[in-house]
Amino acid sequence: MILAALIVLLMGCGMLAWLAGRWNNTLPRIISLAGISVQLLVVVWLWLTHQRGSASTLWIMSYTHSWIPAFGIHIKLAVDGLSLLMLALTSFLGILSVLTSWKEINKRVGFFHFNLLFVLAGIAGVFLSLDLFLFYFSWEVMLIPMYFLISIWGNENRTYASYKFFLFTQGSGLLMFLSILGLYLVHGHNTGVFTFDYEQLLGTVMAPQTAFLLMLGFVIAFIVKLSTVPFHSWLPDAHTQAPTAGSVILAGLLLKTGAYGLIRFVLPLFPQASHQFAPVAMLLGVISILYGAKLAFAQTDLKRLVAYISVSHMGFILLGIYAFNEMAMQGVVMQMVAHGISTGGLFIIAGTLHERIQTRDIGQMGGLWARLPKMGAMGLVFVMASLGLPGLGNFVAEFLILTGSFMANKTLTIIATLGLVAATIYSLRIMQKVFYGKEQKQWTIADFSIREMGIMTCLVIAILWLGLFPSAVLTVSRASVLEVIERVEGRDKTQSDKADVNPRETDHQAITITSVNEQGQHWKINTKNSN
Amino acid sequence: MDSMKEFLWLIVALPFAGSLILVIAGKQLSRLACVIIGVGSVSLSAILTLLVGISFLQDNPGGKPYVEAIWQWMNVAGLSPGIAFHLDGVSLTFIFVVTFVGSLIHLYSAQFMWNDEGLRRFFIYMNLFVGFMLTLVLADNMLLLYLGWEGVGLCSYLLIGFWYKDPANGYAARKAFIVTRVGDFAMTIGLFVLFMNFHTLNIQAILTAAPATWAVGSGIALTTALLLLGGALGKSAQLPLQTWLPDAMAGPSPVSALIHSATMVTAGVYLIARTHVLFELAPVAQTIVAIIGAITLLVAGLAALNQHDIKRVLAYSTISQIGYMFLALGVGAWSAAIFHFMIHAFFKALLFLGAGIVIWSLDEEHNMFKMGGLWKKLPVTFWTFLVGAASLSALPLITAGFYSKDKILWLSYASDKGSVWLWLAALAGAFLTALYAFRMVLLTFFGDAKKEPSQRPGLMMTLPLIVLGILSIVGGFIELPGDMGHFTMFSDFIEKTLPVTLVTIAGHYTELLFQLISGLVAVAGIGTACVFYYNKPFPAAEPQRNAVQNFFYRGWDFDLLYDALIVRPVIFLAQIDKNDVIDRFYNGLASLALWLNKLLSATQNGMVRRYAIVLAIGAIITLTLILYL
């Protein structure tokens, strides 16, 4: 109940903010802040009071309510360690997004916050849904308000960027929807139960080709979101053109829904197909790391530069997910949280700087430390985080991912480790071009205000905390990570056992297999046609 | 007193706390308060080191290490490093040097940097530097060591680029960080290999397990040792990753003193000494260490001889002296390497601080050929600098540098891993060292005065010089060679932790002969310097150099080589694809869609005749299909 209330709360506050925006510009901000704060409090309460870790109670809390029973669609929400962390990140960055837009957004303030809160609600829905239909629904809910955020409050090239964002995510989302329907039908044929329920769909028996194709639909949607090369090119435009809060949410949260989708849905639903796909995925991860780094190094637009850093860092996530071991996966979880914070910090700096000097061109900056020592110091922290300095959260993440994936694939991991050198090069370039060196122009600008320092201090404390006490996060996610690893690794050997455990009786087994074959054939024909 | 060692954590915490206070207190803090916090935190740390050291030595005469765990850092799939400190003979020596030399340098900086607008920032970075270095040498696991390792890299970056307005400083700073990160790349992979094989990153556990798991000379041991060596080469500025150090003197002089003596560059020496078991399992790797050391000390020595910038002489001298330490490590002369590290820290800090005073009093003049005649004007600086240079040159019997370097020279021949070639290289290096050291002294302090000092150092700057000068002399007497008193306090202490060097050549006479030779070589070097540079009227400009000298002057053109091989290709790659070719594909798709749109919308042109024709054609085709298929 509480889980559903969380989402309703965000949506409700969003509408309220829109209404309030008719009278007053400050009211929507306060309403949003209050709404997200309540969410954060609930999450913290869940974190502190509920036991995790025992495998029998993976779900800390769940809620099921019938939605469209005719099609087996439920409102099924549940929270485990992984989604709890993601929710915490969502509300944390949500609050900072409202705060950072406090002065920046003065146009249609009510509608802005309506969109902001609906994006957050959609994201919360994605992290909580255990019904694939509901999941897809939430996936769309977070997309459309984000489109508005970019296209209304964005920078000079916002229309292009928002279309691009919309088309990439919508197109890939469609493939995922087809896969969801395919899975729904296969499962229905097999068992006679047509349902979108994630837990029932787990362990659906499928022909390998079918599984692989269905998986591919999910994977494409998720790696587009994760901005994996070669599906990354929406991200630099969207990030650059979005308002600061939009960039923070895009980088900090929307990208993470891709990673979350891979971990929560792709690996458990398609364990064997994932094994087949793993070498490709790891390779794509490594390519993203290096190609993203290379592009980051070449950029002159500060926000674009940070956007490509995200591409590079998301490569680590993909590499880690497909290493299929606890260490790498824990690293991935850590990376999702740490990257959200470090990149959030960098985007807020880029945004506030843009607000002050009306340019994002690093060629026109330089020597800003003298005028903006506070901003410079904060920039230093997040630049160091992005190059993986030990003691900050990103290091823990990257080290765990690389150590874990080293056990899975040595060559690729060694190449990926080169990314750490590349990260040093592009990160230090930011410091040099923005804060060090000669002043290119005599800007007369103010340093961080108290409000902005407050935001940055929260982020700095968070990134240090993650770096020095990562156990606090890693113990929360451990049970969920182990569960996923067990599913993806265990299924290989115990395929037959699991099939026996299936609720359906053995007389259905024969039918199941034939129908699977039909499905497989069907898909084959389809691919031939499309070729 | 017996529980004093439990305050080990505080030694590390104090400098960090110092910089944290300076950060939080912000701009309101007065200069004096900044100095008190900055210098005070490290000095307290030094005093505490003394107390902890005494308590440690009293408690366990057997040299049993003392481990103090603060908290569990993480615990993932068997990787459970702690924030935990490991105190034994080696780490005690290192923290002693780091805190004492560090606090002397801090004290000196208080006056040196007094008028700099970034005073607070300076002390934040310096305190952090000391804190990270202490973390590095006290870490009980490789991951925490790596934290200190990278932290030191960060601080060197911040301090080399301290005067950030000059882009050249920023370049030098980035160069230092990036080049050392290249070494760290290898080291990181080394950590992966270690964890995969031993399922732990605890250093002592690895050192215990390795000999039982890996055979001597096995491929995996060799790989691991070489990977760790990669990290050490970067941090310690050894060939081929030495190029960052000469540029690193872009920072304020006290920074150079800190980087070159107590922190940063000695990290590589520490790493190899700390993981000595792995290197002993890989004799090939250990030989490579020795050879790299020998080559580096010659390459850097020749480069030092051809510099005119006083700090660049010292920078190359550091590379060369660290080369000696690597040589010692490579021939298994573990305690000799640590001994030379300590003595080197004393005299190199002294020389950099002295050079700092010279440069500071001559208004940022770096060129030795524009100095001269300073010995009367800056007497304390001169005499202490002379002591430092003598110690660097290993002037026999009286200087500490003689005892530490002679031990390396002797063992590079006499140890079971030694050879006459290594000894000859070291001997040639000794001659070069004496030559360039006294060339520096003679050019700077003798001859005609070409510039008047504009300011004189106060007690806060000269006191550290005097203390370091004394240490550069008496420091040597804690370890005397076998044929001269055979007093082995230091090596006895270190050899509770590190293995004893195996000497295959016996006999005090041989040792005495070798000492005579090396002593003579040092004196000959000084003499040669006097012949060429004492009171010679050089023009006050950059010296004329022939092609070979120029080659040495530019540090053997390693920069040119890397520029052509790495830097320019990387920049080229970045430039050609700035706008991301992949994006073109998607934009192409969009254009295609637009084009198709235009094409199709052309069909809807509102002309009834055209519609009728299309309709008719369509009907014909359909009918044909129906009839004939």
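## Briefing on chains A and B

In this predicted model, chain B is divided into three parts, namely domain 1 (291-543), domain 2 (545-578) and domain 3 (582-628). Chain A, for its part, has a secondary structure that comes to 20 helices and 2 strands, and 38 of its residues are in contact with 35 residues of chain B.

**Domains of chain B**

- The centres of domain 1 of chain B and domain 2 of chain B, taken over C-alpha atoms, are separated by 30 Å.
- Where these two domains touch, domain 1 of chain B contributes 7 residues to the contact, while domain 2 of chain B contributes 6 residues.
- On the side of domain 1 of chain B that touches domain 2 of chain B, 5 residues are nonpolar and 2 are polar, and no charged residue is found there.

**Overall form of chain A**

- The C-alpha trace of chain A spans about 80 × 55 × 50 Å along its principal axes.
- Of the 531 residues in chain A, 61% are buried.
- When contacts in chain A are counted between residues at least 6 apart in sequence, 82% of them join residues that are at least 24 apart.

**Where chain A meets chain B**

- The contact between the chains involves 38 residues of chain A and 35 residues of chain B, and the helices of chain A that each supply at least two residues to its side are α11 (271-298), α13 (326-357), α15 (393-408), α16 (410-435) and α18 (471-493).
- The helix that gives the most to the side of chain A that touches chain B is α16(A), with 9 residues.
- Sorted by class, this side of chain A holds 24 nonpolar residues, 11 polar residues and 3 charged residues.

**The largest nonpolar core**

- The largest nonpolar core has 422 residues, and the members that touch the most other members are Phe129(B), Leu327(B), Ala328(B), Ala337(B), Ala349(B) and Ala426(B).
- Helix α15 of chain B, which covers residues 334-361, provides the largest share of this core, with 20 residues.
- Leaving aside residues up to four places away in sequence, Ala337(B) touches Val269(B), Ala273(B), Met325(B), Ala328(B) and Leu329(B).

Note on methods
Residues are numbered from 1 along each chain as its sequence is written. Chains are lettered from A and ligands numbered from 1 in the order in which they are written. This is a predicted model: local features need pLDDT of at least 70, side-chain atom pairs count only at pLDDT 80 or more; totals for chains, interfaces and linings use all residues. Helices (H or I, at least four residues) and strands (E, at least two) are DSSP runs, numbered from the N terminus. A residue is buried if 20 or more other C-beta atoms lie within 10 Å of its own, exposed if 12 or fewer, and partly exposed in between; C-beta atoms are placed from the backbone. Ala, Val, Leu, Ile, Met, Phe, Trp, Tyr, Cys and Pro count as nonpolar, Asp, Glu, Lys and Arg as charged, and the others, Gly among them, as polar. Domain bounds come from an automatic or database domain assignment. A nonpolar core is a set of buried Ala, Val, Leu, Ile, Met, Phe, Trp, Tyr and Cys residues joined through C-beta atoms within 7 Å.
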